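The entries follow in the order I looked.

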Amino acid sequence: MTTFYDEVGGRAFFERLVDAFYEGVWTDEVLRPMYPQDDYDGAKERLTGFLEQYWGGPGTYSEQRGHPRLRMRHGPFPIGPEARDRWLHHMMAAVDVVDPSPMHRALLVDYLDRAAHAMVNRNPAF
Ligand code: HEM
């Protein structure tokens, strides 16, 4: 059975997506300070590894990092609606750069949108 990962061209697709995404993140004054300032390559590698595993590629991410537990891992970062929307904005721009087929785009955008909403851990009213 082919997976989404195979259909979009394997790791190269996710590398291009993540490269384009981080180009946006590094220019973002809200998001940039949250990321490890001396380990941009590591941050890219972790996100690429997670996404390729999620979409049916190699399980290297979990071999190296264990269970993703993404909400827990994001606990230290103050993710309210603004950070979420900025993250999604850069991710959607990156999806435009890699330009998958309409079906793959719909699946990817739906997932990223839901995942980003699930990562919110701060309410601006508090
Ligand atoms: C890690 C921010 C949403 C996947 C990180 C890190 C930050 C961050 C600052 C640490 C960078 C590192 O050292 O790896 C955010 C913000 C989000 C968001 C502000 C806004 C909603 C998401 C979403 C996903 C995701 C929706 C998945 C689709 C990951 C992964 C890691 C990570 C896989 C590495 C975890 C690890 O193994 O340590 N994120 N993130 N993030 N993020 Fe996010």
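I take contact to mean heavy atoms within 4.5 Å. The model I am reading is a predicted one.

**Entry 1, a loop residue.** I began with Asp28, which lies in the loop between helix 2 (11-25) and helix 3. Is Asp28 buried or exposed? Asp28 counts as buried because its relative accessibility is 5%, and the cut-off for buried is under 20%. I then listed its contacts, leaving aside neighbours within four places in sequence, and found Pro33, Arg86 and His90. With His90 there is a polar contact of 2.7 Å between the two side chains. The Asp28 side chain also reaches the backbone nitrogen of Leu31, at 3.0 Å.

I turned to the ligand and noted that the space it takes is the largest pocket. Which residues come nearest to the ligand? Of the 21 around it, they are Arg46, Tyr61, Arg65, His74 and Trp87. By class, I recorded 16 nonpolar, one polar and four charged residues in the shell.

For Arg65, an oxygen atom of the ligand is 2.6 Å away. For Arg46, a ligand oxygen is 2.8 Å away. For His74, the ligand atom is a nitrogen, at 2.8 Å.

**Entry 4, helices in the shell.** I found at least two shell residues in each of helix 3 (40-54), helix 4 (60-65), helix 5 (70-73), helix 6 (81-98) and helix 7 (102-118). Helix 3 gives the most, with four residues.

How values were computed
Residues numbered from 1 in each chain as written. Predicted model: local features only at pLDDT ≥ 70, side-chain atom pairs only at ≥ 80, totals over all residues. Heavy atoms only, no water. Near = heavy atom within 4 Å. Polar contact = N/O pair within 3.5 Å; in protein donor to acceptor, adjacent residues only side chain to side chain. 1 Å grid on protein atoms, 1.4 Å probe; cavity = no way out; pocket = protein on both sides within 12 Å on 5 of 7 lines; lining within 4 Å. Sits in = over half its atoms within 2 Å of the grid points. Nonpolar A, V, L, I, M, F, W, Y, C, P; charged D, E, K, R; others polar. Buried < 20%, exposed > 50% of the residue type's maximum accessible area, 1.4 Å probe, protein only.
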